[in-house]
Amino acid sequence: MLNRRHIRVKVMQSIYAMGCTMQNSLPQEEKFVKESIKESYSLYLLMLDLMVEVHAFAKAHQEKHSKKILATEIEKNPNTKFIENQALVKMASNTMLQDELEKRKLKNWRLDDEYVAIIFNAMVESSAYEAYMDAGETTFKEDRAFVVQFYTEVLAPNDKLYDYLEDKRLTWLDDLPLVNMTVLKRLQKMKPSSPESSLLPELFKNEDDKVFGPELLSKTVGNDEFLTEEITKNTPNWDKERIADVDMVLIKMALCEFLKFPSIPVKATINEYLEIAKEYSTPKSSIFINGVLDKLVKEYSKNNTLKKTGRGLQE
């Protein structure tokens, strides 16, 4: 589920927070990175669970209105298409999903159920819902397509939900784009025969990715003095104090990858940090960072300092 760019962002945030000089804070920041990564999966589970809870809310809403003493004909014989949506029914019966939620004690939509009602009402008022409910009998594929549309157009962009997630855990805002993309990928691949595990991807692609974040953090912070000197030597026209703090952190991390992670290609490292700079630093940061890294790579190549192996070879 997580990609290395996302892991790099979390490490960047930790190094930035500790100023990259407070060595005694390293254990605390290592714990923060691990916890932040773990919580990104909790957010993924919560976004799936929110759809399940909206489905359950709709079912309870219909049952309540159908039992009214003065129920209208429509309330007595409601359109049950949404609560019979095959994709949502499959999600609601996923015991593995419920076990994961229980194991992590994720009861957000039971405790803050007003957000379930907010999403339900927004869905009911949407043109996508109206078109879906007015259509005839649907297949699993068509039911799934509506769930994807509902998530994309109603749930994911909801401002009140966004504010709620920001209040609950600040790091979730950075996780949200990746989580939304993962949710949609999993929904789009869902089939009637899909195993329950298909909705529960592994957090890391492999063991290397699992240890990458803590290693990058400890090696960057542990070599801070050396990395600072390398940057200072290769930016003679720049006072260190004039370099944006985030840029300094990103350059240090990139240098650390050049020198301490032999299996990561140089070009991959540069491309990753340029993309992160575009999102998290100043408008001109990516140009500056690219210039510094390019100069360092040429210097290291000339001095045979780069020790890349396998797919990590510069070429």
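This is a predicted model: local features need pLDDT of at least 70, side-chain atom pairs count only at pLDDT 80 or more; totals for chains, interfaces and linings use all residues.
## The chain as a whole

The chain has 16 helices and zero strands. Taken along the principal axes, its C-alpha atoms fill a box of roughly 85 × 35 × 35 Å.

How much of the chain counts as buried? Of its 315 residues, 49% do. If you look at contacts in the chain with a separation of 6 or more, 82% of them are accounted for by residues 24 or more positions apart.

## Helix α5 and its two faces

Helix α5 takes in residues 95-103, and its buried residues are Leu97, Glu100 and Leu101. Viewed down the helix axis, these buried residues fall within an arc of 100°, so they line one face of α5. The face turned away from that buried side carries the exposed residues Glu102 and Lys103.

The N-terminal end of α5 has a cap, provided by asparagine 94. Here a side-chain oxygen of asparagine 94 lies 3.1 Å from the backbone nitrogen of methionine 96.

## After α5: lysine 105

Which residue with a positive phi follows α5? That residue is lysine 105, with phi near 55°. Most residues other than glycine have a negative phi.

Lysine 105 is found in the loop between α5 and α6, the latter being residues 108-111. Is lysine 105 buried or exposed? With a relative accessible area of 67%, lysine 105 is exposed.

## Where α7 meets α9

Two packed helices are described by the angle between their axes and the distance between the axes. For helix α7 (residues 114-124) and α9, the axes come within 10 Å and cross at roughly 110°. An angle of 65 to 115 degrees counts as roughly perpendicular, and α7 and α9 are therefore roughly perpendicular to each other.

Which residues meet at this crossing? From α7 come Ile119, Ala122 and Met123, and they meet Phe146, Phe150, Val154 and Leu155 of α9. By type, the residues of this contact divide into seven nonpolar, no polar and no charged.

The loop that leads from α8 (127-134) to α9 (140-155) holds alanine 135. Alanine 135 counts as partly exposed, at 37% relative accessibility.

## The loop between α11 and α12

Between α11 (172-188) and α12 (207-222) runs a loop that includes serine 198. Proline 192 lies in the loop between α11 and α12 as well. Serine 198 is partly exposed, with a relative accessible area of 24%, whereas proline 192 is exposed, at 57%.

What does proline 192 touch, not counting residues up to four places away in sequence? Its partners are Lys90 and Phe140. Proline 192 and alanine 87 are 105 residues apart in sequence, yet 7.8 Å apart in space, C-alpha to C-alpha. For serine 198 and leucine 187, eleven residues apart in sequence, the C-alpha to C-alpha distance is 9.3 Å.

## Two serines in α16

Serine 285 has its place in helix α16, and serine 286 is found in this helix too. Serine 285 counts as buried, at 1% relative accessibility. Serine 286 is also buried, with a relative accessible area of 13%. The cut-off for buried is under 20% relative accessible area.

Which side chain makes a polar contact with the side chain of serine 285? The partner is threonine 282, at 2.4 Å. Leaving aside neighbours within four places in sequence, serine 285 is in contact with Asp247 and Ala277. Counted in that way, serine 286 is in contact with Leu274, Ala277 and Lys278.

Conventions:
Residues are numbered from 1 along each chain as its sequence is written. Side-chain values use heavy atoms; hydrogens and water are left out. Buried means under 20% relative accessible area, exposed over 50%, partly exposed in between (1.4 Å probe, protein chains only). Helices (H or I, at least four residues) and strands (E, at least two) are DSSP runs, numbered from the N terminus. The arc is that of the directions from the helix axis to the C-beta atoms. A polar contact is a pair of N or O atoms within 3.5 Å; within protein, one must be able to donate a hydrogen and the other to accept it, and residues adjacent in sequence count only if both atoms are side-chain atoms. Contact means heavy atoms within 4.5 Å. Axes are lines fitted to C-alpha atoms, for helices over the stretch in contact, and angles run from 0 to 180 degrees between N-to-C directions. Angles under 35 degrees count as roughly parallel, over 145 as roughly antiparallel, 65 to 115 as roughly perpendicular and the rest as oblique. Ala, Val, Leu, Ile, Met, Phe, Trp, Tyr, Cys and Pro count as nonpolar, Asp, Glu, Lys and Arg as charged, and the others, Gly among them, as polar.
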